[in-house]
Amino acid sequence: MTEMVVPSGGMPWLTLILILPLLGSVVLLLAHESMSRQIALTVSLLTFIVSLPLWFLFDNGQAGMQFVEKHLWIDSPAIHYALGVDGISMPLVLLTTFLTPLCILVSWTAIQSRLKEFFISLLVMETATIGVFGALDFVLFYIFWETMLIPMYLLIGVWGGPNRVYAAIKFFLYTLTGSILLLVAIMVLFFEGGRTFDILTLTQASYDPGLQSLLFWAFFAAFAVKVPMFPFHTWLPDAHVQAPTAGSVILASVLLKLGTYGFLRFSLPMLPDASVTFTPIIMTLSVIAIIYGAYMALAQSDIKKLIAYSSVSHMGFVTLGIFAWNAQGIEGAVLQMVNHGITTGALFMCVGIIYERTHSREIGDNGGLAKAMPKYATFLVIFALSSVGLPGMNSFVGEFLVLVGVFAWDKLTATLAALGIILAAVYILYLIQRIVYGPASPKMLPKLTDLNAREFGMLVPLVVLVFWIGLYPKPLLDVMHASVERVVATHSASIVVQQDGDSSDNVLVMSEVLPPTVNVFEAEVAP
Amino acid sequence: MTLPLADLVTILPELLIVGMACLILVLDPITPSGKKDFLAWMSLGILGVCALITMTDFGETVVAFGGLVVVDSYAAFWKMLLYLVSGLTILLSMSYLKEEKIELAEYYAFVLLALAGMMVMVSGTDLLTIYLGIELMSITLYIMAGLKRSEARSIEASAKYFVLGAFSSGILLYGISLLFGVTGSTRLSEISAVVNGPASEDPLMLLALMLIIVGFGFKVAAVPFHMWTPDVYEGAPTSVTAFMAVASKAASFAAFLRVLLEAFGGVKPNWNVLILALCVVTIALGNLVAIVQTNVKRMLAYSSIAHAGYALIGIVVAGWVGIDPDVSSRGISSLMLYLAIYSFMTLGAFAMVAILRKGGLEGENIEDFTGLAKRHKGGAFLMLVFMISLAGIPPTAGFIGKFYILMAAVNAELAWLAIFALIFAAISAFYYLRIVMVMYMRDPSPEQEKNTRLTLSPQVSVVLACAIAGVVLLGVFPGPLVSLTDLSVLSISPVR
């Protein structure tokens with residue numbers, strides 16, 4: 001345990017972020033039950049504050065890992081406690097630390113039993129997710145990846161809806177089974193990639209194309225279940241509908257990102273040849289997810305289920321962007337991960353707020369909110385429009401970039417994906433029409449009190465982010481630019497090798513036609 | 001014939017343990033009832049002394065009695081594990097026996113005698129020595145399984161265990177005698193020389209090998225020789241079940257591995273496929289049948305069968321041909337690591353079953369765990385950790401055990417076996433999590449609500465603390481134990 005790399009800035013920021021929620025859980029364990037809420041909130045806010053240096057000290061010019069910490073953990077085989085973030089993972093870490101306090105706020109009154117266990121689960125969950133985003137050692141990554149299952153299983157199963165036990169075990173077994181091949185793939189990589197679990201070294205090694213294909217599908221099994229990609233999405237509606245609001249928020253905003261993050265961190269850079277070969281399959285599945293998810297959302301009468309299916313659709317855009325291979329697509333995808341986290345998380349919070357009042361998630365029971373709860377209705381409409389991808393709001397930027405990137409890859413795919421945006425407008429606006437402007441159910445009307453200060457306070461930061469990313473995405477795009485370029489660079493080689501002259505010309509032409517992404521938006525948005 | 005003093009010194013721990021067992025039997029009648037705990041404390045003391053002696057055995061190899069036993073790091077590792085398990089079993093039994101009203105001082109003598117048998121097994125280098133060890137262990141365990149004399153189930157367990165155990169010992173002995181016929185010796189090293197050379201294709205040798213594998217298959221409860229396990233585990237007093245599930249399994253694996261590698265290390269192709277077949281069916285059947293169990297002890301019995309299957313992967317790797325010797329020894333060390341970790345989590349789980357019994361409940365049906373999280377937060381949490389660990393989910397030790405044994409498999413280019421094992425590990429999560437589910441997601445019945453007092457005696461607390469510390473610490477810092485297994489494996493590296 002002597003090997004030591006001093007992280008940038010001198011402070012082990014990532015370890016601090018990891019350890020704080022864990023310490024918080026220990027404090028919670030010892031503290032009195034009635035203090036649980038306050039302690040959990042303090043700890044999560046503290047974690048968020050400690051995570052801010054990641055943003056401010058981040059060097060946008062660097063493509064590599066920053067805030068790196070590396071200690072030998074186990075001797076043989078050498079497994080390291082290695083952490084670090086780049087432009088792709090840093091925004092996701094911040095998203096996690098930003099959303100956890102909001103999750104605690106949203107559970108303030110909604111959770112009434114076994115508070116201690118609830119908040120401990122949430123905090124452990126936070127540690128595990130940050131660990132996944134920050135791990136630079138494959139075994140460490142896998143440990144965090146799996147550890148997450150237990151608190152999530154408990155969150156759904158203990159504090160969930162009527163059918164919670166079924167939903168919890170379904171979630172657990174789906175994701176656990178998906179991870180089986182991932183673990184074996186990690187072990188195979190160890191022996192094939194130079195007897196190391198170091199993610200960066202493994203990324204630089206090159207693998208035989210046959211092996212790449214096998215590993216690609218092994219990774220796919222784990223990541224596709226998490227995303228979830230069609231047809232592995234069936235656990236999602238169950239889990240979302242049954243989970244408590246905080247669970248849904250974490251699930252939608254953070255957990256689903258782990259799958260797409262996996263594709264971006266492992267599948268593409270480590271297995272470029274296989275990724276090129278199988279891109280058409282992933283693209284097809286993504287387009288199916290976009291359209292199928294949207295159609296399913298259209299048919300739901302349960303608000304939560306509707307949003308759950310919209311997640312399937314939105315995550316389709318993310319996988320689409322990742323496998324589009326180019327800077328626009330991948331930047332759009334990362335941005336869209338953050339956006340989906342903000343928007344869908346906010347929508348789930350809105351559903352939670354209304355559920356606390358009416359104890360129903362049926363669209364029919366929750367009409368006429370515009371009159372009864374004007375403040376609430378305003379927020380809901382903002383988030384809904386953000387979900388639709390209205391220009392000026394966050395999702396527009398992400399989806400637009402993804403579509404630009406996909407257009408460069410294949411015009412038909414982009415056209416079909418764009419159809420998903422139209423369908424999103426249909427199901428979201430139809431939802432808004434019914435619950436915001438529809439007739440109020442007289443039985444529910446007395447229960448409809450408008451937002452209180454706590455609820456107001458937790459939605460405001462989300463609105464700020466919606467507009468900030470929507471109007472001025474440059475800071476966020478700058479952060480990820482260098483890292484994304486590096487991912488793209490590893491692929492250009494594979495594309496040139498694998499595809500014939502025609503399509504590689506196509507790629508070149510597109511990158512000439514489009515000025516660098518960031519400039520597009522600067523020009524468009526500048527007042 | 002005179003016994004050389006130097007040889008006696010090498011088996012000093014065994015002698016001390018047997019001596020203490022005899023002393024307990026003598027002291028038992030003159031110890032007033034209610035003071036029997038004193039005998040248990042004495043047993044623990046002698047275990048501590050033996051542990052100190054055995055600790056010095058690491059790193060050296062002393063052959064004693066002309067090759068009947070050896071004291072090496074490999075044996076020392078297993079002995080240390082066995083002391084620990086026996087000590088925890090004694091602690092667990094002190095209050096459990098009172099609860100079950102079978103407070104017999106012989107019990108502690110039996111634990112020590114069984115331990116002595118196991119110690120002979122792990123350090124024996126002669127088939128007859130090993131056989132004697134097995135018999136000493138088994139006969140003691142037959143008696144212990146039937147200690148709950150008032151309960152038919154316990155008697156049935158004892159009888160069943162005895163009949164099937166004797167049967168399997170007979171098969172093993174038959175194999176040994178055939179092997180003696182072929183090779184003219186029962187020493188592992190001498191057998192190895194003949195088996196490697198002139199007798200390598202002898203059908204009689206193959207038959208003997210098969211019979212020996214069957215005999216050990218019974219002892220480690222590998223499918224299809226597992227039939228006795230669920231009934232015996234269910235019927236025996238819980239503390240005895242824990243002891244059998246952990247200690248006897250570990251000792252049998254230790255002897256099994258030594259016999260296969262030291263005697264038959266030259267003819268690996270003759271047995272590795274057989275072990276592979278055993279391994280595959282054991283993992284599959286153990287996990288699948290565990291799903292339908294409603295009795296926790298039966299479920300844990302099938303789970304222990306499944307875990308024997310995972311441990312067999314280590315033997316498969318150690319016996320795989322065409323791989324680096326380094327990889328083979330990885331198989332051995334990962335098996336040692338796996339069984340050490342398995343001991344902690346299984347002991348912990350059985351201890352929880354035992355203390356639920358203390359809570360005035362039967363404590364054996366899965367239903368009895370209903371709403372435990374509301375009645376006893378700490379207990380439910382411990383059980384949660386043990387179940388997660390048994391399912392092999394990080395950050396617990398169970399994951400580390402699986403990780404290392406599967407790494408060894410992948411290293412031996414048996415990636416398909418690793419995938420197979422993991423698929424069944426995912427299936428096993430279903431039944432382990434069912435216990436978590438009833439504890440956390442169901443409300444206790446009013447009747448259960450009343451029986452909420454789980455009084456933990458200090459001794460049981462120590463057992464649970466050790467088990468949880470093992471499961472958590474080995475999950476987070478497995479380094480030292482991994483190094484220890486790597487170190488202990490060297491002396492048994494297979495004959496090339």
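Student: What should I know about the model and its numbering?
Tutor: It is predicted, so to speak, with ground rules: local features need pLDDT of at least 70, side-chain atom pairs count only at pLDDT 80 or more, and totals for chains, interfaces and linings use all residues. Residues are numbered from 1 along each chain as its sequence is written, while chains are lettered from A and ligands numbered from 1 in the order in which they are written.Student: Why is A:Phe67 called buried?
Tutor: A residue is buried if 20 or more other C-beta atoms lie within 10 Å of its own, exposed if 12 or fewer, and partly exposed in between, with C-beta atoms placed from the backbone. A:Phe67 has 24 C-beta neighbours inside 10 Å, so it counts as buried. You'll find A:Phe67 in strand β1 (residues 66–74) of chain A; helices (H or I, at least four residues) and strands (E, at least two) are DSSP runs, numbered from the N terminus. Its phi is near 55 degrees, a positive value in a residue other than glycine.

Student: What makes A:Arg114 partly exposed?
Tutor: A:Arg114 has 19 other C-beta atoms within 10 Å, and that makes it partly exposed. A:Arg114 lies in the loop between α3 (89–106) and α4 (115–134) of chain A, and its phi, near 50 degrees, is positive too.

Student: And is B:Asp57 buried or exposed?
Tutor: Buried, because B:Asp57 has 22 C-beta neighbours inside 10 Å. B:Asp57 sits in the loop between α3 (37–55) and β1 (62–64) of chain B. Leaving aside neighbours within four places in sequence, B:Asp57 is in contact with B:Val71 and B:Ala76; contact means that the C-beta atoms, placed from the backbone, lie within 7 Å.

Student: How do you know that α5(A) is largely enclosed by the rest of the structure?
Tutor: Ten of the ten residues of α5(A) are buried, so that's the conclusion. Among them are A:Phe138, A:Trp145 and A:Glu146. The buried residues of α5(A) pack against β2 (79–85), α4, α6, α7 and α8 (199–204) of chain A.

Student: Which elements of chain A give two or more residues to the side that touches chain B?
Tutor: The contact takes 26 residues from chain A and 25 residues from chain B. On the chain A side, the elements giving two or more residues are α5 (138–147), α6 (149–159) and α7 (164–192). α7(A) gives the most, with 14 residues. That side divides into 19 nonpolar, four polar and three charged residues. As for the classes, Ala, Val, Leu, Ile, Met, Phe, Trp, Tyr, Cys and Pro count as nonpolar, Asp, Glu, Lys and Arg as charged, and the others, Gly among them, as polar.

Student: Why is α6(B) called roughly antiparallel to α7(B)?
Tutor: Helix α6 (residues 127–145) of chain B and helix α7 (residues 152–183) of chain B pack at an angle of about 170 degrees, with their axes 8 Å apart. That angle makes α6(B) roughly antiparallel to α7(B), because angles over 145 degrees count as roughly antiparallel, under 35 as roughly parallel, 65 to 115 as roughly perpendicular and the rest as oblique. Axes are lines fitted to C-alpha atoms, for helices over the stretch in contact, and angles run from 0 to 180 degrees between N-to-C directions. The residues of this contact divide into eleven nonpolar, five polar and one charged.

Student: Where in chain B are the prolines B:Pro224 and B:Pro395 found?
Tutor: B:Pro224 is in the loop between α9 and α10 of chain B, and a cis peptide bond with omega of about 5 degrees joins B:Val223 to B:Pro224. B:Pro395 is in the loop between α16 (377–391) and α17 (397–411) of chain B, and the peptide bond from B:Pro394 to B:Pro395 is cis, with omega near 5 degrees.

Notes
Residues numbered from 1 in each chain as written. Chains lettered and ligands numbered in written order. Contact = placed C-beta atoms within 7 Å.
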